[in-house]
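I opened my notebook to work through this structure one piece at a time. Here is what I looked up, in the order I went.

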Amino acid sequence: MASTIPIRFSPQALARPNTRNPNKPLPKKLPSKSHPNPNNQRNRRRRKFPPPSLSTSGGGGDATTYTHLPPRDDFVLPSFDSPPYSSAVVKLSDFDVAAPTTSGDVIESEDDELRSNLGFDYGKFELFEVNSDSEDEEEEEEEEDYDLKLMGFEGREEGIEGEGEEEVREKEKGVPAVMRCFDRAKIFVKAGDGGNGVVAFRREKYVPMGGPSGGDGGRGGNVYLEVDGSMNSLLPFRQSVHFRGGRGDHGQGRKMNGAKGEDVVVKVAPGTVIREAVEGDEGERGEGEVLLELLYPGQRALLLPGGRGGRGNAAFKTGTNKVPRIAENGEQGPEMWLELELKLVADVGIIGAPNAGKSTLLSVVSAAQPAIANYPFTTLLPNLGVVSFGYDTTMVVADLPGLLEGAHRGFGLGHEFLRHTERCSALVHVVDGSSQQPEYEFDAVRLELELFNPELAEKPYLVAYNKMDLPEASERWSTFKKKLHALGIEPFCMSAVKSEGTHEVICAAYELVRKRIEDNKEGWTDPVNLNYVADMVKKQRTATIDQFEISHDSSTNTWHVNGSGLQRFVQMTNWRYIDSERRFQHVLEACGVYKSLTDLGIKEGDTVVVGEMEMVWHDSADGSPTNMRKGSTHSIRWPQWK
Ligand SMILES: Nc1nc2c(ncn2[C@@H]2O[C@H](COP(=O)(O)OP(=O)(O)OP(=O)(O)O)[C@@H](O)[C@H]2O)c(=O)[nH]1
Ligand SMILES: [Mg+2]
C-alpha cells in the first residue's frame, strides 16, 4: 500500500493511508505542474476534442418534477389559477419567491500543497494520514442522495415501498406531493475554512538574516441566517441546498495576512424553525434539537463562525527559535445539516371540519380572497388575511385546510398544517351548522387538536356556529348551544355568507389575542441570543488539548486518543514543515498523552490514532516498554520501514 503514495519518505519515517479503513479511497493523484507541449501531436488532438465537461448540477433537476404532478380531480390548486395575490393575502403556494442570496457560495478547491518530506528527526511515532482526499466525492454522493430526500419526499416513497397496502392508501389520501415541499426543507451549511499560514523569510539587500516573515491565513467565511420579509415559503431551498462560506486566503511573505473568506447569508421566511438534522431522519416531527426560531423580518443569526486562519512562521518566532520553519493549516469550518420548518406567524387561526365555511369567514373579515366552494378540501394551503380594526390595529388571521377525524394519523390534509397554528395566540373554531351532528363534528375536531399537540388544545379559542341562514342549521342551534353551555363554552352563531354575526366573532377573537399579548408581557423574558449556536462552536474551539480520553481496541491493538482540542491541533498541523513534527511530539508529551498511554500499557508496534493521524508506537532503545521518553532523542528507537 505504501508504495502507491506519491510522497518521499525520510529514512526515519513512513507515511501511509489508514489501512484500517479499506473503504476510504486513496488520495487523489496530485496534478502535474508541467505545461503541455503545444506541438505534441497527442496534446493537439486533445485540444481538438475536449472531454465532455462534467455537470455540476448534480442531477438536482429531477426534483422539479414534483411541481408538475397533475392535480387530482378533487383538488384545486389555488396557485395555478388564482391571480397574483394582494398584500392582504399571502399564499404559501406562490412560486415567485426570490432564491436566497448567497454572498459567498464557495466550493473550496483542493489543497494543492505537496507533502514532500515529513522529515522526522525526532520522536517515536511513524505518522500516517488517516483522512483521504475523498471528501468531495462523499459530498457529491450526499448531494445526489439529497435530491431524493427533498423535503420529506423520500419518506413518502420509502414508506410506500415498505409498508402495508392499508397504510399506503391512507398516505395517498394525505397531502398531494405538489404541496409537501414548501414549508419544510433540509439544507447543508458549512462555514469557510481558514487560510493556511506560510513559512517565509525576509530577503532584502543589506538586510542579512531578515528573519521569519510568513503571514497568517485569513479567517473562513461565516454562515448567517437572516429573515427575509418578502419570503413566504421555503420553496427556494428546493433549488439551493448547499451553502458554504468562502475559504480564507492563505498568508503570504512580508508578513502579509490572507483576506477573510466571504460570508454566506441564508435567507429564510419569517416564522422559520431551525433544527439540527438528525441522521436517518425521515422528516418526523420534532426529532432534531431546535436551534433557532426566526420570527421577524430583519432578524439575523450567526450560525457557524468560519475557521481560524493558520499562523505563519512569523508568529512562531521565539527567543530560542529565531528561524522557525513551521506554519499552521487553517482551521476547518464547522458544517451541519439543518432542517427548516415554516410555521406561520398569525394571531388567529381558523380551524374546523372541511366545508364548514372557514375560508368564507376569512373572506368577509379581511381583504383576502381564498378559494371558496361547496366541497371538502377547497383549501389546500393555509391562507393569510389581515383584519384591520382601525388606523394601526391589525390582526393576521390564518385560514387552514379542514380537519377530519383521524387527522393526527395523517388522514386528510389539516394535520399537515396544524403546526401553523402553534404560533397563533387564539383559535376560531368554525362549526358547520348544516351538518348532521354539529356537536359530534365539534368534538371530533377538538380531539384531533389534542391528539396532535395538547398545547394547541389549551390555546384560547372561541366557537363560531356557521350557516345560520340555512333552516337546518338554525334548527340545531339551540341543541348545540345547550351542549356547549354544559361544557362551559359560550358559542357564537353567524352566517358567514351573509356577513351576519361575523363582526362579533372576529372582535371576540381580537379580545382573546389582546389578552394573550398582555399576559405574555407580564412574563416577558430576556430576548433570546440568536448567536448562541455560534457561541457554542466557539466554546468548543477553546477546549484545551489536555482534555482527552483514550480508548483501546484490543483486536487491532489500536489506541484512540479523543479530545476536541487535540483533534483541532492535529488538523491545523501542517506536516509539510520540518518543525511541525517536533512540535507535535512536544505537545503530545506536554499534555500527558505519552504518560497516559504508557500507564495504560501500550506496547511496541501498537497503533495510536489522534484525530486524523495514525502513528505506530515504538519503545525506547533501552528496551524498557514502559519508559518511552527519556528526554533525549538517543533513547528513542527510530521507526522502521514497513
Ligand atoms: N348557506 C351558507 N353557506 C355557507 C356559509 N358559509 C359558507 N358557506 C358555503 O359552504 C361552502 C364551503 O365554504 P368554504 O368557506 O369553502 O368552507 P371551508 O371550511 O373553507 O372548506 P374547506 O376549505 O374545504 O375546508 C361554500 O359553498 C360556501 O358558500 C353560510 O354562512 N351559509
Ligand atoms: Mg377553505
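**Entry 1: Gln567**

I started with one residue in this predicted model. Is Gln567 buried, exposed or partly exposed? I counted 18 other C-beta atoms within 10 Å of Gln567, so it is partly exposed. The cut-off for buried is 20 or more, and for exposed 12 or fewer, so a count between them gives that result. I then looked for its place in the chain. Gln567 lies in helix H13, which covers residues 564–572. Met613 is 46 residues away from Gln567 in sequence, yet their C-alpha atoms are 9.1 Å apart.

**Entry 2: Asp619**

I found it in the segment after strand E20 (613–617). Is Asp619 buried or exposed? It has 21 C-beta neighbours inside 10 Å, so it counts as buried. Lys603 is 16 residues from Asp619 along the chain, and their C-alpha atoms are separated by 7.3 Å.

**Entry 3: the whole chain**

I stepped back for an overview. The protein chain has 15 helices and 20 strands. It holds 642 residues, and 40% of them count as buried. I then looked at contacts between residues at least 6 apart in sequence. Of these, 74% join residues at least 24 apart.

**Entry 4: helix H14**

I moved to helix H14, residues 578–590. Which of its residues are buried? I listed Ser580, Glu581, Phe584, Gln585 and Leu588. Looking down the axis of H14, I saw that these buried residues fall within an arc of 135 degrees, so they line one face of the helix. The face turned away from that buried side carries His586 and Ala590, which are exposed. I also checked what comes just after H14. There, Gly592 takes a positive phi of about 90 degrees.

Now the strands. I reminded myself that strands of a sheet pair through backbone hydrogen bonds, either parallel or antiparallel. I found an open sheet of five strands in the order E5-E3-E10-E7-E8, with mixed pairing. Which strands stand at its edges? They are strand E5 (242–244) and strand E8 (290–294). Each has a single partner strand, so one side of each is left without a neighbour in the sheet. From one strand to the next, the twist averages 25 degrees.

I followed strand E7 (residues 272–276) through its pairings. E7 and E8 run antiparallel and are joined by four bridges. In that pairing, Thr272 has Leu294 of E8 as its bridge partner. Arg275 stands opposite Val290 in E8. I then turned to strand E10 (residues 335–342). E7 and E10 also run antiparallel, with five bridges between them. What stands opposite Arg275 in E10? I found Glu339 there. E7 is mostly covered, as four of its five residues are buried.

**Entry 5: the three-strand sheet**

I found another open sheet, of three strands in the order E6-E4-E9, and its pairing is mixed. The edge strands are E6 (264–268) and E9 (300–304), and each pairs on one side only. The twist here averages 30 degrees from one strand to the next. I looked at one pairing in detail. Strand E4 (residues 223–227) and E6 run parallel, joined by five bridges. Glu226 stands opposite Lys267 in E6.

I ended at the ligand. How many residues surround ligand 1? I counted 24, and the closest are Gly357, Ser359, Asn374, Thr379 and Gly402. By class, this shell has 10 nonpolar, 11 polar and three charged residues. Which element gives the most to the shell? It is helix H6 (residues 358–365), with three residues.

That sent me to H6 itself. I found H6 mostly covered, with eight of its eight residues buried. The buried residues are Lys358, Ser359, Thr360, Leu361, Leu362, Ser363, Val364 and Val365.

Methods. Residues are numbered from 1 along each chain as its sequence is written. Chains are lettered from A and ligands numbered from 1 in the order in which they are written. This is a predicted model: local features need pLDDT of at least 70, side-chain atom pairs count only at pLDDT 80 or more; totals for chains, interfaces and linings use all residues. A residue is near a molecule or strand if its C-beta atom, placed from the backbone, lies within 6 Å of it. Helices (H or I, at least four residues) and strands (E, at least two) are DSSP runs, numbered from the N terminus. Ala, Val, Leu, Ile, Met, Phe, Trp, Tyr, Cys and Pro count as nonpolar, Asp, Glu, Lys and Arg as charged, and the others, Gly among them, as polar. Two strands pair if DSSP finds at least two bridges between them. Axes are lines fitted to C-alpha atoms, for helices over the stretch in contact, and angles run from 0 to 180 degrees between N-to-C directions. The arc is that of the directions from the helix axis to the C-beta atoms. Two residues are in contact if their C-beta atoms, placed from the backbone, lie within 7 Å.
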